[in-house]
Amino acid sequence: MKILHFTISYIVLMLFSNGILAQDARVFGKVESQSGETISGVTLLLKGTGMGTMTNLDGDYEINNLKAGKYQLQVRFLGYESREFTLDLSENEERNLDVVLQDKTEEIEVVTVLGKSVAGQVREQSYMVSAISTKDLYNSTSDAQQVLNRVPGVRILEEGGLGSDMNFTLNGFSGDQVKFFMDGIPMDHFGSALGLNNIPVNSIDRIEVYKGVVPVWLGTDALGGAVNIITNQGANFLDASYSLGSFNTHRASVNGAYTQLESGFTFRGNINYNYSDNDYKVWVPIREGNNIIDTTEVERFHDRYRSGSAKIETGLVNKSYADQLLVGVLAAANDKEVQHGATMKRVFGGITRNSESIVPTLKYSKEDLFTPGLDVSFYTAYNMTKSEVIDTLSGVTYNWLGEATYIPGSTDGELRRTFTTMDDNDFSSRLNAGFEFNEQHSVAFNYSYSHFSRDIFDAENPDRIENMFPKSLGKQVGGLAYKFDPNKKWSTTLFGKYYNILAEGSKQYDFGLETQRIDSFEASQDNFGYGLATSYFLLPQLQLKASYEHTYRMPTATEMFGDGLFTNPNPDLGPEQSNNFNFGAGYNMTIKDEHFLSVGSSFIYRNAQDLIYQVVTVASPQTRFDNLSETRTLGVEGNINYEWGNFFQLGGNVTYQDITDQADFVYNESYTNTGYQRNFQKGFRLPNTPYFFGNATAGFTFKNVFSEETLLNVLYRYNYVEEYFLSWAELGSRDSKKIIPTQSSHDLELSYSLNNGKYNISFEVRNLTNARLYDKYFLQKPGRAFYLKLRYAL
């Protein structure tokens, strides 16, 4: 964690020193739409002075250090009518000016186009995409993972509490088949210290979830979707929060930015810290040797987690040669006690793992570069991560009571005696270019390159032969797209993609023979993908969408080389491919300016070959990844949301996905019967994958409670998952089949904001009924938990 100290101190100093400026006169206020929705990113300029600002994510603005005199304040934002105000300011005056912007309406044939929020504009793309605005969740103790778990088609399977490993599932695809981005930058290169459950909701503006077809500009080899987390992009803001809760959980976050509009200089950064003992109770068997002597509820005793991250960026914005030119660095570290492996059958009391990452970055973007219509962006980063896996307790085993059993003379570790250090270096870059010929025709090009290398050393086994071979993985992805918009109703995108992978490592040859050995290997493969996405407004409020993609996903470093602890390597993994079809419709209706209703549904068809999936047995804490020759997904999802002004909201979604093994034959490798054999799992659902789930939300907002400029929010959430099999349904008798039971959970949240959201306090209860909740491989999740959060926003 030492690598964070200097960076954190520097960010705090810059954020607060820029927030405390001497003032003369001051203008401040809030910008809202006709419906009362606050608008972020609105430009406010004092004409003829070069001074101005932009509204933050809560729609607030302020302009400081103004001399006495007359000013013309111009307020502008895309999709709304511009407004101007005359200000006559005296010395040291504090002028509060709230602004309401009118929707800009253009009549084109029979289509009425209204100004929309950014999230609304994203949802209207041709791609199947869900866009979630998080501004109403800033007082919540939620993180990115919990927000995503409420999206139709999404299910996140966790291995435990805060900091635990998780498996992201989107419409039947899971793990690295779905790619993650932050502001369009791949998160593959950020290290384990910056995962979804480490990103607080305060630092997020919105989350975009692409289902099936992934836009070319993201430049990735995702098989079935992508998630793009858009962070706060305000020009000047400060947001700080601290929360504490059950299981000795503490989470702190500071986000801020300072921008000089006249010079274009900007400095922005964020700091996040997470800690939890994760000592929640679990219902487990108590063993003595190989015998189960009791089943009882106990506290987890070796599952502490802590992490910290700091990110700074500085550079220039809104210049003639660059809309954005930023250099930055991301520093992150975490350490975790390991309570169990892939299943809860074996419990550990001494295994730990940790990592530290430093990631320098460079970003550049410019619209209308050299000529109108030519947009270019470039990103590059170099990730240096050092990870340790430590299992050095000799001759000791634990049970769930935390009792140790000692084996005299044994030098074995709890799992596999090791002190392994992995030095990972990962270079990545991405170039995007687009040209708009006119309103109907445009093209886009992307090229992405990444190169991963790993050096491994095990201090407990320095002569381990597998560690003496170099391990590297290079990927190239290229894409070209053509977009045709015949009119304002209809939009179509046609695209093609190129994928290349080059892997080097070691593997075992001639297993079971006299020539059995570990030797080096090299593998290279090229593939081509293609697809189409189209959308049509049948009515101004009714949009239809359809998309198809033939796509590939290359194995990741962890899948091929393992993680040094619970994931074993499989260098023979091949790329997976899929044909993805999506059909959907969305309908939005406003009644008397107070009632808003939105309904959406989509149908999903996936046919995947050589699917990369995680192989787990109930008896072993270790796993590996393998290829499943053919699977099929048939699914449907739907959502409905209702809002009554700013007072009441009610919504819910449901997902059904039937993911089955469709291979006629499977390849079996054994001493006596190697070769293809009949697949007895054909037609059965994949185990460990939920097939029917949904959630619902209801909330009330009360204004001016106890005093003026206050808000009281009451929010209730419900989550449901139908029972599903832990292992293949075809195996075993009906009564002995392992299942993950039906899950129902209830959450309740209260938040209170003062001074128009400047000071905030919230209280949350999760799993209100203290139900036993299970997820991935029957791993038990926390019971009832309480959280308190304090937040300050400027």
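The legends below describe close-up views of a predicted model. Local features need pLDDT of at least 70, side-chain atom pairs count only at pLDDT 80 or more, and totals for chains, interfaces and linings use all residues. Residues are numbered from 1 along each chain as its sequence is written, and side-chain values use heavy atoms, with hydrogens and water left out.

**View A. The largest nonpolar core has 22 residues.** Such a core is a set of buried Ala, Val, Leu, Ile, Met, Phe, Trp, Tyr and Cys residues joined through side-chain atoms within 4.5 Å; buried means under 20% relative accessible area, exposed over 50%, and partly exposed in between (1.4 Å probe, protein chains only). L148, F168, I207, V209, V227 and I229 touch the most other members. Elements giving two or more residues to this core include α3 (144-148), β17 (204-211) and β18 (225-231); helices (H or I, at least four residues) and strands (E, at least two) are DSSP runs, numbered from the N terminus.

**View B. T710 lies in the loop between β42 (692-703) and β43 (711-721).** T710 counts as buried because its relative accessibility is 4%. A polar atom of its side chain lies 2.9 Å from the backbone nitrogen of V705. Not counting residues up to four places away in sequence, T710 touches residues including F702, Y752 and L754 (contact means heavy atoms within 4.5 Å).

**View C. F763 is found in strand β47.** F763 counts as partly exposed because its relative accessibility is 36%.

Notes: A polar contact is a pair of N or O atoms within 3.5 Å; within protein, one must be able to donate a hydrogen and the other to accept it, and residues adjacent in sequence count only if both atoms are side-chain atoms.
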